[in-house]
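Reader: I am new to reading protein structures, and I would like to go through one slowly. Could you take me from the whole chain down to single residues?

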Amino acid sequence: MSSAEAYPLGYSQLEARRLAEQGALLEDLTADVFRRAGLREGMTVLDIGCGVGDVSTLAARLVGPRGAVLGIDRAASSVQTARSRATALGVAHARFEQADLASFETDQTFDALVGRLVPPPDMTAATPIVCGPVPTGYGYPVGVLRSLLPLIERTGIASAAEIDIDTLAMRMHEDALVYERVMFLPRVVGAWTALPPGE
Ligand SMILES: C[S@@+](CC[C@H](N)C(=O)[O-])C[C@H]1O[C@@H](n2cnc3c(N)ncnc32)[C@H](O)[C@@H]1O
């Protein structure tokens, strides 16, 4: 999706309010994930698909005023709302820019890259769980990471050598066996339709 119009949930005021309500609902969980990931005071954070700014302002609280957050979203209206909300909350170290993830370029480097429910929007039905000795399923998340590698490198999150993408699926599979872990793949998108009465 490259144009703002292609975003299925749209950019109405209602959708902006829904996003903010969703942000409040997911705040504790998101903060917990960020802390576990190592977000801490003084860090610089890039929030991709920031919407109306909930994740960015949360990250800004975690990194404090010595840190900084840049939220990017391709929707100008969301970026504007995010700016106003951050200002109203007195969060001066979160900035927002209109940009499409596919073409976003920056000279700035970041300590962390975060993103919640981007893209596509979450329309969840079910998720495959990968486990056991047969090494299926690991290629899929590795493929996603491979596509994100240019952005990850460009923003200074990690180097190609650190990630070692060509051996990652094999390493994940080995770890799953050694530590007796299972891997939840991302939830898949469901689809629904309004059928005529009686069908
Ligand atoms: C479900 S909202 C989530 C917003 C925010 N991360 C949150 O959790 O509150 C998804 C957001 O991703 C943005 N988005 C989707 N694709 C994008 C892209 N290619 N580049 C930039 N933003 C994108 C949409 O504009 C939308 O604001």
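**Reading a fold step by step**

Author: Let us begin with the whole chain, keeping in mind that this is a predicted model. Of the 199 residues in the protein chain, 24% are buried.

Reader: How many helices and strands are there, and what pattern do they follow along the sequence?

Author: The protein chain has 6 helices and 6 strands, and read along the sequence they follow the pattern α-β-α-β-α-β-β-β-α-α-α-β.

Reader: In what order do the strands of the open sheet lie?

Author: The 4 strands of this open sheet have the order β3-β2-β1-β4, and the pairing is parallel. β3 (94-98) and β4 (112-114) each have a single partner strand, so they stand at the edges, with one side of each left without a neighbour in the sheet. From one strand to the next, the twist averages 20°.

Reader: Which residue of β4 is the bridge partner of V45?

Author: That partner is A112. Strand β1 (residues 44-48) runs parallel to β4, and 3 bridges join the two.

Reader: What describes two packed helices?

Author: Two packed helices are described by the distance between their axes and by the angle between those axes. Here the axes of helix α1 (residues 13-37) and helix α2 (residues 54-63) come within 9 Å and cross at roughly 35°, and the crossing in which α1 passes α2 is right-handed. The residues of this contact divide into 8 nonpolar, 2 polar and 2 charged; among them are L19, A20 and F34 in α1, with V55, L58 and L62 in α2.

Reader: Which residues touch the most other members of the largest nonpolar core?

Author: That core has 28 residues, and those touching the most other members are L39, V45, A59, V63, V69, A82 and V114. The elements giving two or more residues to this core are α1, β1, α2, β2, α3, β3 and β4, and α2 gives the most, with 5 residues. To follow one member closely, take V63: leaving aside residues up to four places away in sequence, V63 touches L39, E41, G42, M43, V45 and V69.

Key. Residues are numbered from 1 along each chain as its sequence is written. This is a predicted model: local features need pLDDT of at least 70, side-chain atom pairs count only at pLDDT 80 or more; totals for chains, interfaces and linings use all residues. Axes are lines fitted to C-alpha atoms, for helices over the stretch in contact, and angles run from 0 to 180 degrees between N-to-C directions. A crossing is left-handed if the near helix is turned anticlockwise from the far one by less than a right angle, and right-handed if clockwise. Two residues are in contact if their C-beta atoms, placed from the backbone, lie within 7 Å. Ala, Val, Leu, Ile, Met, Phe, Trp, Tyr, Cys and Pro count as nonpolar, Asp, Glu, Lys and Arg as charged, and the others, Gly among them, as polar. A residue is buried if 20 or more other C-beta atoms lie within 10 Å of its own, exposed if 12 or fewer, and partly exposed in between; C-beta atoms are placed from the backbone. Two strands pair if DSSP finds at least two bridges between them. A nonpolar core is a set of buried Ala, Val, Leu, Ile, Met, Phe, Trp, Tyr and Cys residues joined through C-beta atoms within 7 Å.
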